[in-house]
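Hello,

Here is the structure we talked about. Please open it first, then read my notes below.

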Amino acid sequence: MSDVVDLAIPVEADLLVLARLTAATVAARAEFALEELEDLRLVTEELCLSVIGDAASGVVHLRFIRDGGEVTIECSVEPDEFGEPPAPEVDELSTRIIEALVDEHGTATRGSRPCSWIRKRRGTGAG
Amino acid sequence: MVEVQRRPVTPPEDWVEFVRTRDPALRDRLISEHLGLARRLAHRFAHRGQPYDDLAQVASIALIKAVDRFDPARNVAFSTFATGTIIGELKRHFRDRGWSVRAPRRIQELYLELGTASEALGHRLGRSPTVAELAKEVGCSEEDILEATEAGQGYRSASLDAPGAGNLTLADRLSSDDAGPALVEDRSVLKPALAALPERSRLIVKLRFEDGLTQSEIATRIGISQMHVSRLLAASLTQLRGAFGPEE
C-alpha cells in the first residue's frame with residue numbers, strides 16, 4: 001500500500017500547519033506510533049524551514065510518499081519570478097535535529113530545483 | 001594546555017576515557033563543549049510560548065543526561081545522540097506545561113483526554129499507540145486525534161488567558177467530576193499550590209487528575225483504603241482552593 005501526496009504552499013509561516021498536518025496524516029496511515037508521528041511533524045517543520053532558508057516569497061513544494069510503514073518527505077522551494085533559488089544548504093542545527101529524528105535524509109534534484117528529503121520508518125525507534 | 005576552539009570537536013578517545021573513568025573534570029569539559037548545541041536547540045523552540053531561559057535550563061539538563069548516558073561504542077555521533085535527548089526533554093517539558101493551546105474547547109479537552117488514554121493504552125499494548133488505536137479507545141475520528149495533537153504541540157504562541165474557560169472559577173471546576181482537565185489546564189497556576197501539599201497528597205492528586213486513576217486504584221497503588229484516599233483528596237482540594245482565594 002502506498003500513497004503519494006503533493007502539496008504546494010506559499011512561503012508563509014502560518015501555512016506550515018498544512019505541511020505538519022499532511023505529514024501527520026500520512027504517518028497515521030503508515031501506522032506510526034503517536035510518538036513517532038509527533039517526531040515526524042516536528043522534523044517536517046524543520047525540513048521546510050531549512051529549505052526555505054532566507055526565501056521571503058515563492059512556493060514550497062512538498063511530496064509525501066508512504067510506502068507501507070515508511071514515509072518519505074521531499075521539500076523544495078520554487079522562488080517567485082524575481083527571486084533567486086535558495087541555496088540547498090541546511091544549517092548545522094537543522095541537520096542535527098533531522099538526524100536525530102529520522103532514519104535517512106539527503107538532498108536531490110526535483111526538476112530543476114534542489115530538494116531535501118527525509119525518510120522515517122515505523123517502529124524503528126529513531127528519535 | 002588545550003587550545004580553546006570556537007567549535008570544539010571532542011576527540012573520540014575523550015569519550016572512551018570518560019566512560020572508563022567517569023572523571024568529573026572531563027565530564028565538565030564534555031558538557032561545556034556542547035552547551036552551545038543545547039542553547040541553540042532551546043532557542044529553536046523558544047517561539048512556542050515558553051521562556052527561553054526555562055528551555056535553556058531544560059536543554060542543559062538534558063545535555064548532562066546525554067553526556068552521562070552516551071556510549072561511544074554505539075555507532076552514532078554524540079551531537080546526534082545529544083540532539084535526540086535534548087529534543088525529547090524539550091518535548092516533555094512542553095507536554096508537562098500543558099502546551100498552551102489556542103484551540104476550541106472541544107479540541108483542548110480531547111487533547112487532555114488523549115494524554116490519559118495514550119498512557120493507559122501504552123501500558124496495555126507495551127508500546128506507544130497508533131492514531132487509529134487511540135481513536136478507537138477514545139471514541140472519536142482519526143482526524144480529531146490529528147487535530148488535537150497538532151493543537152497540543154503548542155506551535156502557536158502561548159496565551160495565558162485560555163479560551164473557553166467560561167465563568168467557572170478554578171474552585172468550581174476543582175469541585176466537579178470534570179476537575180481533571182481543568183486541573184491539567186491550569187497546571188502552571190496550580191504548581192506552587194500543589195508543591196505546598198504533603199508529598200502523599202500531591203501524589204494522590206496527580207494520580208487522580210493527571211493519570212485519571214480511580215480512588216480505588218489509587219488506594220491499591222499506595223496501600224491505603226479508598227476512604228482514606230477520598231479524605232486526603234478532599235483535604236487537598238480544600239487546600240488548593242484556599243490557595244486561590246475566596247472566589248465566588
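**Confidence first**

Residues 1-7 of chain B keep a pLDDT under 50, with 1 contact in the model beyond four places in sequence. pLDDT is the predictor's confidence in each residue, from 0 to 100. A contact means heavy atoms within 4.5 Å. Residues 155-189 of chain B also stay under 50, but there the model has 58 such contacts. Where pLDDT is low, the coordinates should not be read in detail. Chain B has a mean pLDDT of 73, and 66% of its residues reach 70 or more.

This is a predicted model, so local features need pLDDT of at least 70 and side-chain atom pairs 80 or more, while totals for chains, interfaces and linings use all residues. Residues are numbered from 1 along each chain as written, chains are lettered from A and ligands numbered from 1 in written order, and side-chain values use heavy atoms, without hydrogens and water.

**Chain A**

In chain A, 7 of its 9 residues are buried, so β3 is largely enclosed by the rest of the structure. Buried means under 20% relative accessible area (1.4 Å probe, protein chains only).

β3(A) pairs antiparallel with strand β2 (residues 59-67) over 9 bridges; pairing takes at least two DSSP bridges. A:F64 has A:I73 as its bridge partner. In this hairpin, 2 residues lie between the strands, and A:G68 has a positive phi near 60°. β3(A) also runs antiparallel to β5 (residues 113-121), with 7 bridges. There, A:E74 stands opposite A:W117.

Best wishes

Note on methods. Buried < 20%, exposed > 50% of the residue type's maximum accessible area, 1.4 Å probe, protein only. Helix = DSSP H or I, 4+ residues; strand = E, 2+ residues; numbered from the N terminus.
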